[in-house]
Amino acid sequence: MANMDDVMTRPATGATAAGPRRKPAAGGLTRDHATLGAVWILLAAFPFVAGNEFVVSLGIMFCINLILIASLNTIMGFCGQISLSHGAFYGLGAYTSGTLSAKLAVEPWIGIPLGMAVAALSAVVIGLPALRLRGHYLAMATLGFNAIVFVLFNELVGLTGGPNGLLGVGPFSLAGNALFALESMYWVVWVAAGLVMLAILNLIRSRVGRALRALATSEIGADALGVNVFRYKLVVFVLTAAMAGLAGGLYVHYNQFASPETFGFFTSVMLVVMVALGGWGRYWGPLFGALIFTVVPELLRSFGDLELFLFGLSMILVMLFMPGGVAGGLEALAGRFKRGGRS
Amino acid sequence: MTILEVADVGRSFGGLRAVSDLSFTVAKGEIKGVIGPNGAGKTTLFNMIAGVTAPSTGSIALDGQRIEHLKPYQRVERGIARTFQNLQIFKDLTVLENVMVGRHARTRCDVLHAIFRSPAARREEEGIRDAAFAQLDRLGLAHRAEEKAGSLSFGECKILEIARALAAEPSLLLLDEPIAGVPHAETERVADTVRALNAEGVTVLLVEHNMRMVMRLCDSILVLNYGRKIAEGTAEAVRRDPAVLQAYLGEDDDA
Amino acid sequence: MDSAGTVLQLLFAGIGTGSIYALVAVGFNVIFKSTDAINFSQGEWVMMGGMVAAATVTATASPVWLACLFAVLVVTGVGMASERLVVFPIAKPTPLLITLISIGLAICTKSAVMLVLGKNPAGYPGFAGDTAVHLAGASIHSQTLSIIAITIAFMVLAHLFFEKTLLGKALRAAAADRDAAELAGIRVRSTVLWSFGIAAMAGAVAGAIITPLTFTSYDHGTMLGFKGFSAAMLGGLGNLYGSLLGGLLLGLLEAFASGYISSHFKDAVAFLVLLVILFWRPTGLMGTPAVEKV
C-alpha cells in the first residue's frame with residue numbers, strides 16, 4: 001500500500017513552488033505547546049491526589065530536578081556541549097540566595113534572581129575559555145570548575161557554614177506570611193518549572209534552536225552558514241547555568257538548608273546520566289529523567305544496602321536496551337505502532 | 001565587473017609555503033574553476049576565501065571591501081557561501097531544516113525573541129520556511145523535505161549543501177569539489193544544477209579535481225602548481241598552455 | 001624542619017601521590033585509546049585493589065606483597081569480566097554510550113565491594129612495614145619509595161608491552177586506526193577486552209600500593225578516579241607518557257599547594273592550575289591537537 005505521507009508531501013512536479021506541503025499552524029501554538037500545557041495542568045492536580053506530605057515533597061523535588069535536567073539537556077543534548085559543572089551552578093544559586101537569607105534576611109524573591117545572576121556570571125567566566133575546548137577537554141574543564149566551587153562551599157565556612165551545612169535559611173513568604181505549607185511551595189516550583197520548560201521549548205523550536213542543533217553536528221558547517229558558533233554556545237551555557245541557579249534557589253528555600261555534597265562531582269555526573277536515561281536531546285526526555293532521579297531512589301530505599309547496586313544495574317540495563325533513553329524508547333515504540341497500523 | 005579580488009595572497013604552514021603571491025579576480029556572473037595537481041594549494045586557497053584559514057600575506061576583497069580578517073560566519077553575511085568536499089550535513093536535522101539553517105545569515109531574531117516567541121520571530125520563521133522550501137524546490141529536493149538528511153544519497157547531499165548555501169543568498173558561491181565522490185550517474189545532475197544556477201545569475205568559484213568537468217563547466221580557469229598561478233584563462237587557452245601540460249605530465253586527468 | 005627539608009618532604013609526597021595518579025591515568029588512557037570513551041569505573045578499580053588486598057591480609061595473614069599481587073589479579077579479572085558483561089553487549093557502541101554505561105558500572109562496582117567487603121575503612125602496613133627513611137631533614141615513609149619504584153617498573157613494563165609484544169602492537173594498531181587494524185586481521189572487539197584488563201590492572205596496582213599510606217574504603221574510588229582522569233587530561237589523553245607527566249604534575253601541585261598555601265584549598269589550587277594549563281594547551285601537555293580536515 002502506498003505510503004500516505006509520501007503522497008501527501010510529494011509535489012506533483014518539481015517546478016511547483018507552491019507544491020502541497022505540511023505547514024505548522026502558522027503563528028499559533030504548536031502541538032508540543034499543547035502537550036506541555038496539558039502536562040502542566042495534570043501536574044497542577046498532583047497535590048490534591050498526593051495523599052500525604054511526603055508525596056507532595058517528592059513532587060517539589062521533581063520540579064526542581066526537572067529544571068536541572070531540562071536545562072542540562074539543552075546545553076548537552078541539543079547544543080552538544082558536555083558540561084560537568086551543572087552541580088556547581090545549582091550550588092551557586094543555592095548558596096547565594098541561602099547565604100543572603102541566613103545572614104542578611106534577604107527575601108528569596110530578591111535572593112533567587114541574584115543567585116541566578118551569580119551562576120550566570122560564573123558561567124561567563126568559565127565558559128569564555130572552556131567552550132573553546134572540545135569533547136573530553138570541555139568535560140574536564142567544567143569538572144575542574146565544579147571541583148573548585150565545591151572546595152569553596154566547604155572551606156568558606158563564614159559564608160557557607162562549611163561541611164556542616166548552611167543553617168537558618170528562610171522559607172518563601174508572600175506579603176510577609178511565610179509559605180510554610182508544602183502545597184504553597186509546590187505552586188512556586190510548579191510555576192518555575194513550567195516557565196523553564198516553556199522557555200526551552202520556544203528556544204529549541206526556533207531559528208536559534210535550529211542553529212544549536214546544527215552546530216552540535218558540525219561546528220564548521222554551522223559557521224559556514226552564518227552561525228556565530230562560539231557566541232551561541234556561550235549564550236546557551238550561561239542561560240542554562242542561570243536555570244540551574246534558579247533550581248538551586250528554589251531548593252535552598254524549600255529545604256531551608258544546604259550542604260556542599262549536594263552540589264559536588266557526583267551530582268554533576270548523575271545529572272548527565274539522568275539526561276541520558278530520559279532521552280538525550282529529546283525535549284520530553286527530562287520529564288522521565290527527573291522522574292527517575294526523584295522517585296527511583298525512594299523506591300529502592302527498602303532494599304537497604306542493595307539500593308545503590310540495583311540503581312547502577314538498572315542504569316546499565318536501560319542504556320543497553322534503550323540507548324535513546326525512555327523518551328527514545330517510547331518514540332521507537334510509537335513509530336512501530338504507527339507503521340504496524342498502516343501496513 | 002569584479003566581484004572577488006585576491007591580491008598577492010600567501011599562506012605558509014610551519015615554513016612550508018602552501019600558496020605564494022597569488023593574485024586573480026572573479027568576474028560577476030562567471031563560473032571560475034581552480035585546478036591543479038595534488039598539493040597545488042587549491043584547498044588552502046579555498047579555505048582562505050571562505051575564512052577557515054587566514055592568509056599570512058595579501059588581501060581578499062569582495063565587492064571592493066576587504067574581508068581577509070573576517071570569520072566564516074561574517075563572510076556569509078557579506079555574501080560568500082560555500083559547500084564542503086567532506087560533507088558537513090546536519091544529519092539529525094531534516095532536509096528542510098538543513099536549508100533553513102542556511103537562512104541564518106539573512107535573519108536576525110535572537111535568543112530573547114526565541115524564548116518569548118515574539119510575533120516578529122514567528123513571522124520570520126514563516127519566511128525562513130518558505131525561502132528554504134523554495135530552494136529545495138529549485139534544486140528538485142522538495143519531495144525529501146521532511147526526511148532526515150542522513151537518509152539522502154551522497155549525490156543528493158552535495159545538492160543539499162548547494163541548496164543550503166543558496167539559502168544564504170550569496171553573491172559568490174564557493175563549491176569545494178562538487179562532484180568528488182559522487183557516483184557517475186549523479187555527476188550530471190550536480191553539473192546541471194551548477195549550470196542552471198549560473199544561468200540565474202549566481203557567480204560560482206569552484207575547486208575540482210575532475211578536469212573534464214571543469215573544462216566543460218567553467219568560463220575561466222585558474223591553474224595552480226606548488227602554490228603559484230601557472231596559467232589563467234579559458235578552457236581552450238589553459239588546455240594548450242605548456243606550463244599546464246608540464247604540471248600535469250604523468251598525472252591522470254580524471255583522478 | 002628547615003626549608004630544604006620541607007621542600008624535599010613535599011617533593012617526595014608529591015611524587016608519591018603523583019605516581020598513583022599516573023597509574024590511574026594510564027588506565028584511563030588505555031581504555032580511551034581503544035574506545036574513545038572515558039571509563040568512570042577506573043577509580044573503583046583502584047579502591048577495589050586496596051580493599052581486596054586488605055581483606056586478604058586480614059583473612060589469610062599472608063605477606064602484604066602476596067596479598068597485593070592477588071588483589072591485582074582479582075581486579076584485572078573483574079575488569080575483563082566487566083567488559084564482557086556490560087560493554088561487549090552494546091549493540092551500537094558510541095563513546096558517549098560506553099562512558100554512560102561505565103558510570104553505571106562504577107556504581108555497581110562500588111556497591112558490590114561495599115556489600116561483600118563491608119563499609120569499614122581498611123588498611124595494612126607497607127611492604128617494608130611502617131618505617132620511615134630520613135633524608136636531609138625530611139622524613140619519608142618507606143612505602144612512598146616503594147610506590148615510586150613500582151610505578152617506574154610498571155611504566156617500563158607497559159612501555160615494553162606496547163612496543164615489543166605482539167598483543168601490545170595490536171592494541172596500538174587498533175587504537176590508531178580501527179578499520180585498518182580490522183583489515184590486518186586484528187580482532188578489534190577483543191582489543192577492548194584487553195584494554196579493560198590492563199586498565200583494571202593499572203588501577204589495582206595503584207590501589208594496592210597507596211593503601212598503606214592512606215587507608216581505603218568502598219567510597220574512596222570516585223575521588224581517585226577523578227584525580228586520575230584529571231592527570232590524564234593534563235598530560236594529554238591517549239598518551240602514555242603524558243599520563244606520567246600529568247600525574248606527577250598534579251601530585252606535586254597538590255603537595256606544594258597544601259604545604260605553602262593551605263591544605264584545605266589544595267584541590268582548588270591544583271584545579272585552578274589545571275584549568276589554566278588546559279586553556280593554554282587545549283589538548284593537554286603532550287596531546288596532539290585534533291585537526292579537522294575541511
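**View 1. Helices α3 and α5 of chain B pack together at an angle of about 110°.** In this predicted model, α3 (residues 95-102) and α5 (residues 119-138) of chain B have axes 8 Å apart. Helices here are DSSP runs (H or I, at least four residues), numbered from the N terminus, and axes are lines fitted to C-alpha atoms over the stretch in contact, with angles running from 0 to 180 degrees between N-to-C directions. The angle therefore makes α3(B) and α5(B) roughly perpendicular to each other (65 to 115 degrees). Their crossing is right-handed, meaning that the near helix is turned clockwise from the far one by less than a right angle. From α3(B), Val95(B), Leu96(B), Val99(B) and Met100(B) reach residues of α5(B) including Ile128(B), Phe133(B) and Leu136(B); contact means heavy atoms within 4.5 Å. The residues of this contact of α3(B) with α5(B) are eight nonpolar, one polar and two charged (nonpolar: Ala, Val, Leu, Ile, Met, Phe, Trp, Tyr, Cys and Pro; charged: Asp, Glu, Lys and Arg; polar: the others, Gly among them).

**View 2. Here chain A meets chain B, with 40 residues from chain A and 41 residues from chain B in the contact.** About 3700 Å² is buried between chain A and chain B, and carbon and sulfur atoms give 58% of that area (accessible area, 1.4 Å probe, that two parts lose on being put together, summed over both). Three salt bridges are found across the interface of chain A and chain B (a side-chain nitrogen of Lys or Arg within 4 Å of a carboxyl oxygen of Asp or Glu). Look for the salt bridge between the side chains of Arg231(A) and Asp110(B), at 2.5 Å, N to O.

**View 3. Chain C places 44 residues in contact with 39 residues of chain A.** Chain C and chain A bury about 3600 Å² between them, with 86% of it on carbon and sulfur atoms. One salt bridge is found across this interface of chain C and chain A. The side chains of Lys119(C) and Asp305(A) form a salt bridge at 3.1 Å, N to O.

**View 4. In chain C, α3 (residues 64-87) packs on α8 (residues 188-214) at an angle of about 145°.** The axes of α3(C) and α8(C) lie 8 Å apart, and their crossing is right-handed. Among the residues that meet are Val72(C), Val75(C) and Met80(C) in α3(C), and Leu193(C), Phe196(C) and Met201(C) in α8(C). By class, this contact of α3(C) with α8(C) holds 15 nonpolar, four polar and three charged residues.

**Notes.** Residues are numbered from 1 along each chain as its sequence is written, and chains are lettered from A and ligands numbered from 1 in the order in which they are written. Local features need pLDDT of at least 70 and side-chain atom pairs count only at pLDDT 80 or more, while totals for chains, interfaces and linings use all residues; side-chain values use heavy atoms, leaving out hydrogens and water.

Methods: Helix = DSSP H or I, 4+ residues; strand = E, 2+ residues; numbered from the N terminus. Parallel < 35°, antiparallel > 145°, perpendicular 65-115°, else oblique.
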